[in-house]
Amino acid sequence: MASRTWKAGGRERRPSPARELRDFVAGLRRDWAAVKAGLSLPYSSGAVEGNLNCIKMIKRIMYGRANPDLLRVRVLHGY
């Protein structure tokens with residue numbers, strides 16, 4: 001396979017031999033507007049992510065131990 005190179009921004013770039021990395025970069029390029037907005041806007045979903053992480057932790061701890069009613073109570077009271 002012939003090696004392709006590009007000159008961009010004064011640096012030489014080559015396609016990665018790792019298919020996973022090429023697929024990741026292709027996904028970034030496809031949705032570049034969202035990537036740019038996520039990095040430049042002052043908004044953050046950190047609080048929501050933290051709450052979801054806490055709920056998932058409670059679910060993992062309670063797996064197989066109780067019914068959904070107790071899970072609901074624990075999530076609402078933050079146990």
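Helices are taken here as DSSP runs of H or I spanning at least four residues, and they are numbered from the N terminus. On this basis the predicted model of the protein chain holds four helices and two strands, which follow one another from the N terminus in the order β-β-α-α-α-α.

Among the elements, the lowest mean pLDDT, 49, falls on strand β1, formed by residues 6-8, whereas the highest, 91, belongs to helix α1, formed by residues 19-30.

Just after α3, G64 adopts a positive phi of about 75 degrees. A glycine is likewise found just after helix α4, where G78 takes a positive phi of about 75 degrees.

Burial is limited in this model, in that buried residues account for 4% of the 79 residues in the protein chain, a residue being counted as buried when its relative accessible area is under 20%. Helix α4, which covers residues 68-77, is hardly covered, and the count of buried residues among its 10 residues is zero. For the protein chain as a whole, the accessible surface amounts to about 7500 Å², and carbon and sulfur atoms contribute 57% of this area.

Technical notes
Residues numbered from 1 in each chain as written. Predicted model: local features only at pLDDT ≥ 70, side-chain atom pairs only at ≥ 80, totals over all residues. Heavy atoms only, no water. Buried < 20%, exposed > 50% of the residue type's maximum accessible area, 1.4 Å probe, protein only. Areas by Shrake-Rupley, 256 points an atom, 1.4 Å probe, with all protein chains shown as cover. pLDDT = per-residue confidence, 0-100.
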